[in-house]
Amino acid sequence: MSDCIFCKIIGGQIPSSKVFEDEMVYAFRDIEPMAPVHVLVVPKVHIPSADGVNTENSAYVARIFEAIPQIAAAEGLTNGYRVITNCGEDGCQTVKHLHFHILGGKKLPETMA
């Protein structure tokens, strides 16, 4: 999508602090971190949200979840971390491109409410 900020980051049109990349996945540091480690992991194809995952693109999501432990280990998250995705307006999804937040580097609160 030409107006998607994450598509532009993946395409190199907008700079990012890349932490991981392969043929299906791109991961970079969040510009407004909510924890000492806050990495966004996105598929290299445009999927609008978790609601848009289907049999044609689910391999990208599987690859993301294969990459997450590698990214967490590289970031030194040996004592645990949280993986979050937001979906839709009520889920507070601000960028309409499926993405997963890896949060860690400190003891995280038990509740998000």
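Helices (H or I, at least four residues) and strands (E, at least two) are DSSP runs, numbered from the N terminus. The model is predicted, so local features need pLDDT of at least 70 and side-chain atom pairs count only at pLDDT 80 or more, while totals for chains, interfaces and linings use all residues. Residues are numbered from 1 along each chain as its sequence is written, and side-chain values use heavy atoms, with hydrogens and water left out.

I start with the overall picture. Read along the sequence, the pattern is α-β-β-β-α-β-β. The radius of gyration of the chain is 14 Å, close to the 13 Å that the globule rule gives for 113 residues, so the chain is as compact as a globular protein of that length. That radius is taken over C-alpha atoms, and the globule rule is 2.2 Å times the number of residues to the power 0.38. Along its principal axes, the C-alpha trace spans about 35 × 30 × 25 Å. Of the 113 residues, 40% count as buried. Buried means under 20% relative accessible area, exposed means over 50%, and partly exposed is in between (1.4 Å probe, protein chains only).

Strand β1 (residues 18-21) is joined to β2 by 3 bridges, and the two run antiparallel. For two strands to pair, DSSP must find at least two bridges between them. β1 and β2 form a hairpin, with 3 residues between them. Within this pairing, K18 stands opposite F28 in β2.

How many aromatic pairs does the structure hold? There are 3. Rings of Phe, Tyr and Trp (its six-membered ring) pair if their centres lie within 6.5 Å; planes under 30 degrees apart count as stacked, over 60 as edge-to-face and the rest as tilted.

One of these pairs is F6 with F28: the ring centres are 5.5 Å apart and the planes are at 75 degrees, so the pair is edge-to-face. F6 sits in helix α1 (residues 5-10) and F28 in strand β2 (residues 25-29), so to speak distant parts of the chain, 22 residues apart. Both F6 and F28 are buried. Together with Y26, F6 and F28 form one aromatic cluster.

Another pair is F65 with F100. Their ring centres are 5.1 Å apart and their planes are at 80 degrees, so this pair is edge-to-face. Here too, distant parts of the chain are linked: F65 is in helix α2 and F100 in strand β5, 35 residues apart. Is F100 buried or exposed? F100 is buried, at a relative accessible area of 7%. F65 is partly exposed, at 42%.

F65 also belongs to a feature of the surface. With Y81 and V83, F65 forms a nonpolar patch that has about 240 Å² of accessible area together. Patches are made of residues with over 30% relative accessible area and no salt bridge; like charges are joined within 9 Å, and nonpolar side chains (Val, Leu, Ile, Met, Phe, Trp, Tyr) within 5 Å. The areas come from the Shrake-Rupley method with a 1.4 Å probe, and for residues only the protein chains shown count as cover.

Now the charged side chains. The structure holds 5 salt bridges. A salt bridge is a side-chain nitrogen of Lys or Arg within 4 Å of a carboxyl oxygen of Asp or Glu.

R63 forms a salt bridge with D22, and the closest N and O atoms are 2.6 Å apart. R63 lies in helix α2 and D22 in the loop between β1 and β2, so the pair ties together parts that are 41 residues apart in sequence. Both R63 and D22 are buried. R63 also meets E66 in a salt bridge, at 3.4 Å from N to O. E66 and R63 both lie in helix α2, 3 residues apart, about one turn of the helix. E66 counts as partly exposed, at 47% relative accessibility, whereas R63 counts as buried, at 14%.

R29 forms a salt bridge with E75, with the closest N and O atoms 2.8 Å apart. This pair links distant parts of the chain: R29 is in strand β2 and E75 in the loop between α2 and β4, 46 residues apart. R29 is partly exposed, with a relative accessible area of 35%. Elsewhere, K18, E21 and K44 are linked in a network of salt bridges.

Last, a backbone detail. Phi of C92 is near 65 degrees, a positive value in a residue other than glycine. C92 lies in the loop between β4 (81-84) and β5 (100-104), and C92 is exposed, at a relative accessible area of 55%.
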